[in-house]
Amino acid sequence: MSALRSLLLAAADSPRVQHLVQQYGFRLGAARFVAGESLDHAVPVLRRLNEQGLLTNTTLLGEGVHDEAQTRQVVAACRGLLDRIQTESLRTNVALKLTHLGLSLDEDLAAGNLERVVAHAGTLGSFVRIDMEQSEYVDATLSIYERLRAAGHANVGTVLQSYLRRSPDDLERLLPLQPNLRVVKGAYLEPASIALPEKRDVDRAYVRLVERGLRGGAYVAVATHDERLIRHVQAFAAREGVSGDRYEFQMLYGVRPALQRSLAGQGYEVLVATPYGPDWYPYLMRRLAERPANLLFFLRNLVRR
């Protein structure tokens with residue numbers, strides 16, 4: 001399974017595979033994981049999830065830009081997305097990647113672009129999550145997050161990846177801010193020198209991050225589909241007297257929807273990450289790499305075609 005995961009993650013960077021999958025992807029089942037190629041396609045999906053008692057966030061998919069002009073287009077699209085969310089009265093916030101705002105070009109450019117989006121969200125009473133990317137971007141991402149918080153923007157959060165060996169120290173660095181943190185396991189290929197290679201170690205690190213975050217005053221978005229980890233967090237919160245407004249569960253659109261509805265029916269806050277956009281291919285490949293069931297679903301549709 002480790003070799004299969006590595007193969008799929010490598011395919012995420014393959015132009016040849018991307019061309020093939022993007023030709024047929026939505027017919028083969030990409031629509032299970034991506035709300036559509038446009039915001040108009042995504043809005044009905046977000047509304048349906050809200051009607052099921054689920055919170056949502058959405059992302060305009062895309063990771064790389066080639067020049068500053070492209071980043072301005074992304075900023076305009078994100079501001080328009082925030083406006084549309086308010087117009088449609090959706091219980092939805094926004095997540096974005098800093099590389100989509102120019103981080104690979106210039107850190108200050110990305111920081112300025114992000115602040116424009118976050119400031120606009122603030123005027124609408126909305127929230128923005130800064131997604132975490134490959135390890136090479138962690139320092140800049142945390143630095144930009146700290147800069148925004150120091151500038152008075154409270155409506156912004158970020159992400160920690162439990163497979164990175166550095167994440168416990170990063171958590172301690174952020175705790176004085178009483179941050180809003182999503183905790184994930186991690187979905188990029190990273191060397192063992194900086195990332196835990198064994199699943200059991202990643203899971204243990206995940207639990208430690210969530211528990212320390214909750215004890216340390218953070219708001220924690222527990223992003224997992226693992227029922228064992230979910231039950232652990234539920235028991236921990238009950239034992240420690242952590243109120244329900246201090247954490248939420250987050251899952252991906254198309255992955256374990258029955259579990260999402262079940263948790264929401266028990267009174268837990270459950271947010272479904274529901275992305276959209278024409279640049280959906282890398283996102284899809286990471287979803288297929290994360291769970292064998294996702295890949296089997298995609299392959300079954302390929303055979304049926």
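Predicted model: local features only at pLDDT ≥ 70, side-chain atom pairs only at ≥ 80, totals over all residues.
**Entry 1: the whole chain**

I began with the overall tally. I found twelve helices and eight strands in the chain. Of its 305 residues, 54% count as buried. I then looked at contacts with a separation of 6 or more, and 75% of them join residues 24 or more positions apart.

**Entry 2: helix α6**

Next I went to α6, residues 138–150. Its 13 residues reach 18 Å from the first C-alpha to the last, close to the 18 Å expected at 1.5 Å a residue. Which residues of α6 are buried? I listed Val-138, Ala-140, Thr-141, Leu-142, Ile-144, Tyr-145 and Leu-148. Their cover includes the helices α5 (107–123) and α7, along with the strands β3 (128–130), β4 (156–161) and β5 (180–184). Just after α6 I came to Gly-152, which takes a positive phi of about 100°.

**Entry 3: α6 against α7**

I turned to the partner helix α7, residues 167–174. A helix pair is described by the angle between the axes and the distance between them, and I wrote down both. For α6 and α7 the angle is about 10° and the axes are 12 Å apart. Angles under 35 degrees count as roughly parallel, and α6 and α7 are therefore roughly parallel to each other. On the α6 side, I noted Val-138, Asp-139, Leu-142, Ser-143, Tyr-145 and Glu-146. They meet Asp-170, Arg-173 and Leu-174 in α7. I sorted the residues of this contact into four nonpolar, one polar and four charged. Val-138, Leu-142 and Tyr-145 are among the contact residues, and they are also on my list of buried residues in α6.

**Entry 4: α7 against α8**

How far apart are the axes of α7 and α8? They are 10 Å apart, and the packing angle is about 10°. That makes α7 roughly parallel to α8.

**Entry 5: helix α8**

I stayed with α8, residues 199–215. Its 17 residues reach 24 Å between the end C-alpha atoms, close to the 24 Å expected at 1.5 Å a residue. The buried residues of α8 include Val-202, Asp-203, Tyr-206, Leu-209, Glu-211 and Gly-213. I traced what the buried residues pack against: strands β4, β5, β6 (219–223) and β7 (247–252), and helices α7 and α9 (227–240). After α8 comes Gly-217, with a positive phi near 95°.

**Entry 6: single residues**

Most residues other than glycine have a negative phi. With that in mind, I looked up Ser-89 and found a positive phi near 55°. Ser-89 sits in the loop between α4 and β2 (92–96). Is Ser-89 buried or exposed? Ser-89 counts as exposed, at 62% relative accessibility.

Arg-256 also has a positive phi, near 55°. I placed Arg-256 in the loop between β7 and α10 (257–265), and at 28% relative accessibility it counts as partly exposed.

My last stop was Gln-70 in helix α4, residues 68–87. Gln-70 is partly exposed, with a relative accessible area of 25%. Its C-alpha is separated by 8.3 Å from that of Leu-101, 31 residues apart along the chain.

Key:
Residues numbered from 1 in each chain as written. Heavy atoms only, no water. Axes fitted to C-alpha atoms, helices over the stretch in contact; angles between N-to-C directions. Helix = DSSP H or I, 4+ residues; strand = E, 2+ residues; numbered from the N terminus. Parallel < 35°, antiparallel > 145°, perpendicular 65-115°, else oblique. Contact = heavy atoms within 4.5 Å. Nonpolar A, V, L, I, M, F, W, Y, C, P; charged D, E, K, R; others polar. Expected span 1.5 Å × (residues − 1). Buried < 20%, exposed > 50% of the residue type's maximum accessible area, 1.4 Å probe, protein only.
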